[in-house]
Amino acid sequence: MRNFEDMQKELATLSKILEKYLRISKMPHDFGVGELLFPSEIHLISTIAVQEKISVTELARQHGTTKGAISQVLGKLEKKGFVIRKTDPEKRSRVHVSVTDKGMTAHLEHYAYHSRHDADFIAYLAALNQNDYQCFSALCEEMNRWMNTYLEQETSDNAADAERTTKAKEQQNAEQADK
């Protein structure tokens, strides 16, 4: 069995890949509509376009984020004319989102962009034998679980920090009240 030291080269490569992805995630691109969109925005538009009409809750679930974060991005996209939000007439607490013609244009160009740009990598994956592809798929799932542990730890750390801050403020207030 390999140990941590045995895997340093591959872990360093993975680290470089993740750093590159982080940089790419901050690079806006024009998807045929004359406006720059960040990857988080176009991926949200594409999810909505493929699903046709989707709730904010479902978008948050599919993108692994909060309804509040999704609502913020949707607000920007709605102002730019890419999406429309409508209250569900049967359940007033539910909001459905759909793309406008402009949003559909951006989605289709986004799909075409990835078809061109990712063709070599997709061909590589398509040529993998079944066993290698299953290993790739398992690696993707494991990496997703691994990243979730960081997000869960961050959430836990933030809650603990907030609790410590609250207790410290309460103690300060109690000490000032005693004076």
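Reader: Which residues is His 96 in contact with, leaving aside its neighbours within four places in sequence?
Author: In this predicted model, His 96 is in contact with Lys 53, Ile 54, Ser 55, Ile 84, Arg 85, Lys 86 and Asp 88. His 96 itself lies in strand β5, residues 95–99.

Reader: Why is His 96 called buried?
Author: The relative accessible area of His 96 is 17%. Buried means under 20%, so His 96 is buried.

Reader: What makes the pairing of the side chains of His 96 and Asp 88 a polar contact?
Author: The two side chains are joined at 3.1 Å, and the cut-off for a pair of N or O atoms is within 3.5 Å. The pair therefore counts as a polar contact.

Reader: Why are α2 and α4 called roughly perpendicular?
Author: The axes of α2 (residues 39–51) and α4 (residues 67–79) cross at roughly 90° and come within 11 Å. Angles of 65 to 115 degrees count as roughly perpendicular, so that term applies to α2 and α4.

Reader: Which residues of α2 and α4 meet?
Author: Glu 41, Leu 44, Ile 45 and Ile 48 of α2 meet Ile 70, Val 73, Leu 74, Lys 76 and Leu 77 of α4. By class, this contact has 7 nonpolar and 2 charged residues, and no polar ones.

Reader: How do you know that Cys 135 is in no disulfide?
Author: The nearest cysteine sulfur, that of Cys 140, is 11 Å away. A disulfide needs sulfur atoms within 2.5 Å, so the sulfurs of Cys 140 and Cys 135 are too far apart for a bond. The structure holds 0 disulfides.

Reader: Why is Cys 135 called partly exposed?
Author: Its relative accessible area is 47%.

How values were computed. Residues numbered from 1 in each chain as written. Predicted model: local features only at pLDDT ≥ 70, side-chain atom pairs only at ≥ 80, totals over all residues. Heavy atoms only, no water. Axes fitted to C-alpha atoms, helices over the stretch in contact; angles between N-to-C directions. Helix = DSSP H or I, 4+ residues; strand = E, 2+ residues; numbered from the N terminus. Parallel < 35°, antiparallel > 145°, perpendicular 65-115°, else oblique. Contact = heavy atoms within 4.5 Å. Nonpolar A, V, L, I, M, F, W, Y, C, P; charged D, E, K, R; others polar. Buried < 20%, exposed > 50% of the residue type's maximum accessible area, 1.4 Å probe, protein only. Polar contact = N/O pair within 3.5 Å; in protein donor to acceptor, adjacent residues only side chain to side chain.
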